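Visitor: Please pick one part of this structure and take me through it closely. Then set it against the rest of the chain.

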Amino acid sequence: MSATFNVSAFRLIGAAVVLASPSLAAASPTIYQFGTTPASTFTGNFSVSVNSAGSLIGNYDAVTNAGGCRTLTGTFGINPPGPPTNQRIQPVTVTGSSSGNIASVPAGNYRLVLDAAAGTVTILGLSVNLIGTQQPSFPVNATITYPGFRTRTPNYTYFFLAPVPLPIGTADVSVMTATQTAPASGPATPAGGGYSFTIEVPMDLSVTAALSGTANAATVSNPVTVTGTITPGAGGAATATLSFTQTGTQPVPPSPTDPPPAPLPFDLPPPPLSTGPNAGILLSLLVTGGTTTINGTSTLPGTGSARRLSDIAPADEGGDGTIDGSDFIAFINAFAIGGAEADLVGAGGTIGGDGTVDGDDFIAFINDFAIG
């Protein structure tokens, strides 16, 4: 036995449900999807400091680098042993830091739900790559502290009295993102043909910076005060601007000990008052701690358009591009068992499920089904 469905009848039924519902008979909230424009800006800075401890040893290898540097413990000795003696020097500590300013064109998107009747704006799904196409790079300043030791090939004596500055490389920022972690709403104030608002938005600011090839990631989570405007236009078009300042400090976690990090090849400059080539050594270090500090201001003008709920939680349940009786049955089946596919409406009428399948979800689906 097969059933035949009159799509027009279903649309009339849907329209009747909409008219019968007091919450939908009034003007419903309008959902706008925005993408940032090239006029968006991020200005700020980041700094990172890292402490590490470990050991060093010459890069001599009897097979692959027989002419390499060897290290010997102590600062005095007569007739030091020759190859293959290559002694590990420990403990060694290295303190490094890097900082710099960033000015970029961020890229991302966000949604605004404007409820003119209730006088509210809701921010949803804010996700922005703050550095855009850039990958800023800053020099790392570091110092190394060690017990006294000697080297052979070249022949130097390094006394323990003073830390040695190291040109250890660069800090390369590969990730800097701002991501909203939960919907946030606030009052909408009429202003200049549109609305202005100030909303506290929970947000993660994440940064990944590689120091001399070793990546360190940090995320600062805190509420951020977002100010903005939204101006609806003709045909569902709209413009908006969001602005916010983020700041925070996050600890750098210690390095995992298993597996141990690979030794870092390094050319150690000659000791003070000595001249000659650098001494080739291998640094074996574990990060013991540090901090990453991030702050900056983002201004995100966006252009967008009004979206139906069905653009984000489609009434086209089958995904075949046609809204018909099979989509209605698919939704009803999901609704009957409380399935996630039927959870369309979040708290306060926002987009996205709230973990409960109820009448709000049913009315939202019927509304979208009725208008196709």
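Guide: A residue is buried under 20% relative accessible area, exposed over 50% and partly exposed in between, with a 1.4 Å probe and protein chains only. By that rule, 40% of the 372 residues in the protein chain are buried. This is a predicted model, in which local features need pLDDT of at least 70 and side-chain atom pairs count only at pLDDT 80 or more, while totals for chains, interfaces and linings use all residues. Numbering runs from 1 along each chain as its sequence is written, and side-chain values use heavy atoms, leaving out hydrogens and water.

The protein chain has five helices and 17 strands. These are DSSP runs numbered from the N terminus: H or I of at least four residues for helices, E of at least two for strands. A contact is heavy atoms within 4.5 Å. Of the contacts in the protein chain with a separation of 6 or more, 72% join residues 24 or more positions apart.

My pick is an open sheet of three strands, in the order E3-E8-E9. Its pairing is antiparallel. Two strands pair if DSSP finds at least two bridges between them. Strand E3 (70-73) and strand E9 (156-158) are the edge strands, and each pairs on one side only. On average, neighbouring strands of this sheet are turned by 25 degrees against each other, direction ignored. The axes behind that angle are lines fitted to C-alpha atoms, for helices over the stretch in contact, and angles run from 0 to 180 degrees between N-to-C directions.

Now the E8 and E9 pair. Strand E8 covers residues 149-152 and pairs with E9 in the antiparallel sense over three bridges. Thr151 stands opposite Tyr156 in E9. Tyr146, Phe149, Tyr156 and Tyr158 are linked into a cluster by ring pairs. Rings of Phe, Tyr and Trp (its six-membered ring) pair if their centres lie within 6.5 Å; planes under 30 degrees apart are stacked, over 60 edge-to-face, and the rest tilted.

The peptide bond from Thr153 to Pro154 is cis, with omega near 0 degrees. Thr153 also has a positive phi of about 65 degrees, although it is not a glycine. Its relative accessible area is 45%, so Thr153 counts as partly exposed.

Gln90 and Pro91 are joined by a cis peptide bond, with omega about 0 degrees. Pro91 sits in strand E4 (residues 89-104). Leu273 has a positive phi of about 70 degrees and is not a glycine. Leu273 lies in the loop between strand E16 (264-268) and strand E17 (279-307). Leu273 is exposed, at 93% relative accessibility.

Phe34 is in strand E1 (residues 30-36) and Tyr110 in strand E5 (residues 107-115), so the pair ties together parts 76 residues apart in sequence. Phe34 is buried at 1% relative accessible area. Tyr110 is buried at 0%. Phe46 and Phe138 form a tilted pair, 5.7 Å centre to centre and 45 degrees between the planes. Phe46 belongs to strand E2 (residues 41-58) and Phe138 to strand E7 (residues 137-145), 92 residues apart. Phe46 is buried at 1%, and Phe138 is buried at 9%.

Leaving out residues up to four places away in sequence, Thr36 touches Pro106, Ala107, Gly108, Tyr110, Leu300, Pro301 and Gly302.
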